2 protein chains.
Amino acid sequence: MNERRLKELIQQKRYVTLKKELEELNQVDIAELLEELDVHTALLIFRMLSKDLAVEVFAHFSVEHQRNIIAKVTDKELKDIVEELFFDDMIDIIEEMPANIVKKILKHAKEEERSLINQFLKYPPESAGSIMTIEYVDLKKHMTVGDALRHIKRTGLDKETVYTCYVTDKNRKLEGIVSLRKLVISDEDKSIEEIMNKDVIYVTTHDDQETVANVFKRYGFLALPVVDKEERLTGIITVDDIMDVIDQEATEDFQKMAAMAPSEERYLDTSILNLAKHRIVWLLVLMISATFTGRIIRKYEDVLQSIVVLTAFIPMLMDTGGNSGSQSSTLIIRGLALGEIELKDAGRVLWKEFRISTIVGLILAIVNFFRIYLFDTVGPMVALTVSFTLFLTVIIAKVVGSLLPIAAKRLDIDPAIMAGPLITTVVDALSLILYFKIASWILGI
Amino acid sequence: MNERRLKELIQQKRYVTLKKELEELNQVDIAELLEELDVHTALLIFRMLSKDLAVEVFAHFSVEHQRNIIAKVTDKELKDIVEELFFDDMIDIIEEMPANIVKKILKHAKEEERSLINQFLKYPPESAGSIMTIEYVDLKKHMTVGDALRHIKRTGLDKETVYTCYVTDKNRKLEGIVSLRKLVISDEDKSIEEIMNKDVIYVTTHDDQETVANVFKRYGFLALPVVDKEERLTGIITVDDIMDVIDQEATEDFQKMAAMAPSEERYLDTSILNLAKHRIVWLLVLMISATFTGRIIRKYEDVLQSIVVLTAFIPMLMDTGGNSGSQSSTLIIRGLALGEIELKDAGRVLWKEFRISTIVGLILAIVNFFRIYLFDTVGPMVALTVSFTLFLTVIIAKVVGSLLPIAAKRLDIDPAIMAGPLITTVVDALSLILYFKIASWILGI
């Protein structure tokens with residue numbers, strides 16, 4: 001089934017065939033197909049789907065499409081959707097909807113659910129609490145394996161996952177976990193207490209989602225329990241939701257490292273004013289910081305005026321410095337984000353970067369010397385001035401580029417800010433001062 | 001149990017307590033703890049672990065530590081490890097080990113396993129084939145649910161996952177999948193054929209791992225079947241291995257975007273020569289490309305000589321151009337990588353960037369005009385020249401920055417190469433030409 005086939009069947013009003021073929025697809029694909037139709041037709045098809053499938057498809061619609069559908073369905077239909085949605089999907093939707101629709105949704109939630117929704121909406125954005133869900137399998141340790149399997153058989157359809165089950169005491173305190181694999185391969189009359197894993201790894205509601213993602217990556221879990229301050233189980237996070245978090249965290253870093261305020265919205269869905277707003281602040285800050293480089297040049301105007309050819313190499317020096325610094329800062333920022341580099345490695349990193357920059361700087365300086373001496377027909381002393389400055393610039397750039405992200409981390413600032421653009425601005429100024437000092441010294445101006 | 005406690009127990013030779021406390025930990029944590037010990041002691045503790053746990057711990061050791069352990073264990077022990085390892089872990093290890101150790105490992109593999117290993121080693125790096133494993137649950141459609149559950153109970157411990165089971169015909173062709181959840185909630189006497197999902201989403205052995213990761217992200221699966229050209233099931237990929245792929249692909253993009261050859265090795269584990277090698281090529285290429293900017297400046301030497309203050313603004317113009325271009329190219333490269341932007345969106349992207357750059361460029365130009373007019377005490381005409389150039393530079397930078405990644409994608413080149421450093425070099429040259437043309441025109445030089 002593809003878009004053409006769907007539209008063909010709609011046109012021919014062959015709805016029975018359409019329903020049959022559609023229901024063979026994965027809900028993600030159905031959602032995507034329906035989004036290509038106008039709201040009226042989409043709703044028509046949406047209503048044909050079985051109730052369970054319809055809810056799953058709904059959860060995969062884009063925010064805009066969800067809004068359109070909610071605006072058009074009856075109160076009864078909305079009630080059905082709200083009741084069947086997984087709790088984390090409902091929270092996501094509530095967070096994105098305008099007030100009148102939220103009111104409509106809350107009207108259909110049960111009393112206790114409503115207070116739960118309010119509690120969830122209060123978790124800080126990007127915290128474990130804000131991405132967890134409450135549909136988990138809850139077991140007691142005195143149950144037998146057979147009891148547990150029957151419990152899952154009865155309630156499993158409505159759970160986000162049944163593959164990890166949680167054992168709690170009467171105060172909801174987490175006592176252990178047991179996997180469905182373990183249940184299936186164990187004897188029916190063993191007790192849960194005998195087979196459960198007591199060394200449970202968990203996160204707390206206020207942990208950052210990046211921390212949560214790192215726990216998933218480290219252990220390869222399919223789900224992770226979330227507990228509150230009193231160590232009571234309040235929800236779980238499943239691995240499929242974490243994959244989005246991993247992408248989102250990387251995207252945020254990409255954006256910060258390119259001097260933008262991070263945004264979760266997809267590029268094509270973001271308005272140009274919003275995109276402009278996310279970009280202008282850093283551009284302004286960096287532009288104004290460039291005042292320093294301008295001042296330095298003006299201070300040494302006489303040097304430039306006496307040997308005007310020196311100006312020609314300023315862009316090359318600054319770009320190479322910027323690129324060298326970006327390389328180092330990028331590796332360090334990424335290493336910090338993935339936990340491969342820690343604060344205690346600062347010394348090792350610096351020493352490493354110093355040696356690398358000496359090698360790289362030397363090669364660049366030698367190639368550059370012959371390049372400008374032979375092809376740009378400058379004198380050997382000018383070529384030497386430029387190349388020596390280049391060598392030192394590369395070293396400074398790499399040391400600054402590796403130092404700033406680590407220093408930021410130390411001060412609890414996001415290291416991703418200390419990337420290419422900022423490093424370039426700092427290195428520009430240092431490199432220019434060096435250039436003029438070295439020129440005065442070698443060329444005797 | 002932490003490192004201190006471990007070393008304390010070792011010193012006091014309280015091995016029974018040590019074994020008991022160790023076995024309560026997750027295998028990932030045990031592996032990390034053992035890596036902190038010297039090889040001799042690590043091996044001593046490693047040998048205390050139960051066989052199953054030992055193998056799991058071994059799979060989580062770093063390559064270096066695996067090598068040390070293999071070098072020291074007896075042939076019998078190595079045989080046990082090799083036999084118990086999951087196939088994908090074994091392939092990973094074989095790929096990283098020196099020839100003499102590989103020979104030692106292969107000696108202990110069974111005949112049919114050896115030919116399978118050879119087949120796996122031939123899959124292209126970063127392909128689905130190279131990351132899949134062969135330990136999946138294989139069901140037949142005529143089985144009942146009860147049969148299937150008993151089959152899992154018997155063989156489940158040795159499978160990478162039991163949560164998705166694969167239904168194949170006698171020629172190993174994939175006919176359907178069924179989840180353990182479905183098995184557990186279905187009646188024991190139903191046939192697998194009745195409950196299996198026939199619309200199976202799969203990848204092929206030669207698909208790129210990035211494609212595989214995108215399928216996981218789209219559908220939220222826990223495992224994905226891998227078929228060969230004849231559509232026979234050859235392996236499965238589980239979600240825990242895909243999380244590494246997602247990180248790895250993002251890291252590669254970070255590295256390429258900062259003008260480095262990508263590397264999978266951890267920063268701290270990479271030698272400085274290797275790091276230098278990954279950085280020098282692009283630095284050289286970009287440095288030599290800067291020849292153009294140098295030439296442009298030398299061509300307009302007379303303009304600079306007559307109004308030397310113009311030189312002072314070259315760094316600011318070039319940095320702002322570079323930053324503006326990086327912002328656009330970063331968003332587009334990331335959007336392309338996540339599949340949020342496609343080739344067909346080229347027109348929309350360009351139009352969007354053109355409008356954004358007009359807004360951003362205008363703000364920057366106005367702020368800059370007053371900044372240099374009031375604080376840098378230049379004449380209004382010079383301020384106008386600089387600001388007008390800045391405005392046009394931002395537009396050019398953003399258009400080039402969004403165009404090049406899309407063009408690269410179109411030509412099947414990795415868009416990540418068209419990032420900050422390259423964009424900066426291109427924009428530098430264009431911006432300088434503009435600067436001198438506008439200066440000649442406004443200032444009448």
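**Close-up views of the predicted model**

**View 1. The contact between chain B and chain A.** The contact takes in 96 residues of chain B and 96 residues of chain A. This is a predicted model. On the side of chain B that touches chain A, helix 20 of chain B gives the largest share, 14 residues. By class, that side of chain B holds 54 nonpolar, 20 polar and 22 charged residues.

**View 2. Packing of helix 20 against helix 23 in chain B.** Helix 20 of chain B spans residues 314-337, and helix 23 of chain B spans residues 420-443. The two pack at an angle of about 135 degrees. Their axes lie 8 Å apart. Angles of 65 to 115 degrees count as roughly perpendicular and those over 145 as roughly antiparallel; helix 20 of chain B and helix 23 of chain B are therefore oblique to each other. The crossing of helix 20 of chain B past helix 23 of chain B is right-handed.

**View 3. Residues where helix 20 of chain B meets helix 23 of chain B.** Helix 20 of chain B brings Leu317(B), Met318(B), Gly321(B), Gly322(B), Gly325(B), Ser326(B) and Ser329(B). From helix 23 of chain B come Gly420(B), Ile423(B), Thr424(B), Val427(B), Asp428(B), Ser431(B) and Tyr435(B). By class, this helix contact has 5 nonpolar, 8 polar and 1 charged residues.

**View 4. Domains of chain A.** The domain assignment divides chain A into domain 1 (3-122), domain 2 (137-245) and domain 3 (267-443). Between the C-alpha centres of domain 1 of chain A and domain 3 of chain A, the distance is 52 Å.

Methods:
Residues numbered from 1 in each chain as written. Chains lettered and ligands numbered in written order. Predicted model: local features only at pLDDT ≥ 70, side-chain atom pairs only at ≥ 80, totals over all residues. Axes fitted to C-alpha atoms, helices over the stretch in contact; angles between N-to-C directions. Helix = DSSP H or I, 4+ residues; strand = E, 2+ residues; numbered from the N terminus. Parallel < 35°, antiparallel > 145°, perpendicular 65-115°, else oblique. Left-handed = near helix turned anticlockwise from the far one by under 90°. Contact = placed C-beta atoms within 7 Å. Nonpolar A, V, L, I, M, F, W, Y, C, P; charged D, E, K, R; others polar. Domains from an automatic or database assignment.
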